[in-house]
Amino acid sequence: MRHALFLVTIAVVFFFGGCLSASAQVSIPPAAHLQKLIDEGAGFVRVTESIEVSQSIRTRSHLTIFCEPGVEIKAKPGSFLGPNAKEASNSMVQVVDVEDVQIVNCTFTMNKAEFTQPSEFRHTVRVTGSKNIRLVGVNVKDAGGDGFYLGVDDNVQPGQVRRAVENVTLDRCKALNSSRQGLTILSCKGCYIYDSEFSGSVGASPQSGVDIEAGSFTDVLQDIFVVRCKSFGHKGHAYMASLARQNETSAPVSITFADCEGGVLACWSDSDAGPKSLFHVRAFSSGSWPGSLGTKNTGTVKVQYGGKVVCQWP
């Protein structure tokens, strides 16, 4: 692999979150330099050719990573196989406890076939404890767990705060052949999933396309929008929304599906005690949602059919 010269431009102007900012821009080819440039404080890192990585790419605050067309960042064989799958180091991209991060036009590929045991946690892009995150045109393939994971640190100890992610956008992203889910939303305030595609999840239960599912009664599922998305070819459901771990002390829930394609939307709860306010899942098919809308229902969540689906506590 050739080592091109670094290109450094001072006071490059770029757009983030509706604001114009000035930053240093650095273009890089070899994998060895990617993490170094991130750690050294480059505001805009342009990846100019395909690379292989053996360790997690760890983002920091106020960062944009942009990949040139055709660039693929692949996991080296034997990578992300640590004994504790829940460790963040076993995920390919870590967006952990940071803010104002963009990843644009990048393709990340793991080696799913190497995970001989069903894996839930070896995610491709892992976002925890962070806010103001934008993933635009990001493709993930062959995840050992989820393609995209938005939630809390799986190693949070009893008594520690499980911080929801805030203001996260996936725009024109794709997840292909994930082991668990294409996208998991565990705890989020303001998640906006637009024009994205999730396909072929198989390997570790529940093997769905999009799974919105709180991991604890303290987790938050507020202002979540899944709009004009496609989800197909999974062993499990195309779309899921679960309150199985919520109770009467949980925060109000707001989830909206709009103009999505791909099959069944399943929503349910295993508890008789729901959040204090209305739990609702609204799906506006506009004629674009093939198949019938259905539910895996334990009796506490009622579903109303006909273009609009409303799940609420009786």
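In which strand is the place of Val-127? I looked it up and found strand E11, residues 125-128. Strands (E, at least two residues) and helices (H or I, at least four) are DSSP runs, numbered from the N terminus.

**Ground rules**

I am working on a predicted model, where local features need pLDDT of at least 70, side-chain atom pairs count only at pLDDT 80 or more, and totals for chains, interfaces and linings use all residues. Residues are numbered from 1 along each chain as its sequence is written, and side-chain values use heavy atoms, with hydrogens and water left out.

**Val-127, continued**

I checked burial next. Val-127 counts as buried because its relative accessibility is 0%. Buried means under 20% relative accessible area, exposed over 50%, and partly exposed in between (1.4 Å probe, protein chains only). I then listed contacts, meaning heavy atoms within 4.5 Å. With neighbours within four places in sequence left aside, Val-127 is in contact with Val-95, Ile-133, Tyr-149, Leu-150, Gly-151 and Val-165. I took the C-alpha distance from Val-127 to Tyr-149 and got 6.0 Å, for 22 residues of sequence separation.

**Gln-94**

I found Gln-94 in strand E8, residues 93-96. Gln-94 counts as buried because its relative accessibility is 11%. Beyond four places in sequence, Gln-94 touches Ser-56, Ile-57, Arg-58, Thr-59, Ala-88, Ser-89 and Arg-126.

**Whole protein**

I counted one helix and 28 strands. Of the 314 residues, 54% count as buried. I also looked at contact range. Among contacts with a separation of 6 or more, 69% come from residues 24 or more positions apart.

**Confidence**

I read off pLDDT, the predictor's confidence in each residue, from 0 to 100. The mean for the protein is 77, and 70% of the residues reach 70 or more. I noted residues 275-280, where pLDDT stays under 50 and the model has 23 contacts beyond four places in sequence. Residues 284-314 are also below 50, and this stretch has 85 contacts in the model beyond near neighbours in sequence.

**Cysteines**

How many disulfides are there? I count a disulfide when a pair of cysteine sulfur atoms lies within 2.5 Å. The count comes to two.

I took Cys-67 and Cys-106 first. Their disulfide has an S to S distance of 2.1 Å. The link is right-handed, with 90° about the S-S bond. It joins distant parts of the chain, 39 residues apart: Cys-67 is in strand E6 (63-67), and Cys-106 is in the loop between strand E9 (99-104) and strand E10 (107-109). Both Cys-67 and Cys-106 are buried.

I then took Cys-188 and Cys-191. Their sulfur atoms are 2.0 Å apart and form a disulfide. The disulfide of Cys-188 and Cys-191 is right-handed because the torsion about its S-S bond is about 105°. Cys-188 is buried, at a relative accessible area of 0%. Cys-191 counts as buried too, at 0% relative accessibility.

I checked Cys-229 as well and found it in no disulfide; the nearest cysteine sulfur belongs to Cys-260, 4.9 Å away. Cys-229 counts as buried because its relative accessibility is 1%. Cys-260 is likewise in no disulfide, and the sulfur of Cys-229 is the nearest cysteine sulfur to it, at 4.9 Å. Cys-260 counts as buried, with 0% relative accessibility.

**Core**

Which residues have the most contacts inside the largest nonpolar core? I found Phe-108, Phe-148 and Ile-185, in a core of 60 residues. Such a core is a set of buried Ala, Val, Leu, Ile, Met, Phe, Trp, Tyr and Cys residues joined through side-chain atoms within 4.5 Å. I followed Phe-148 further. With neighbours within four places left aside, the contacts of Phe-148 include Val-125, Leu-135, Val-138, Lys-174 and Phe-198.

**Asp-171**

I located Asp-171 in strand E15, residues 165-171. Is Asp-171 buried or exposed? Asp-171 counts as buried because its relative accessibility is 15%. Beyond four places in sequence, Asp-171 touches Leu-135, Val-136, Gly-137, Tyr-194 and Ser-196.
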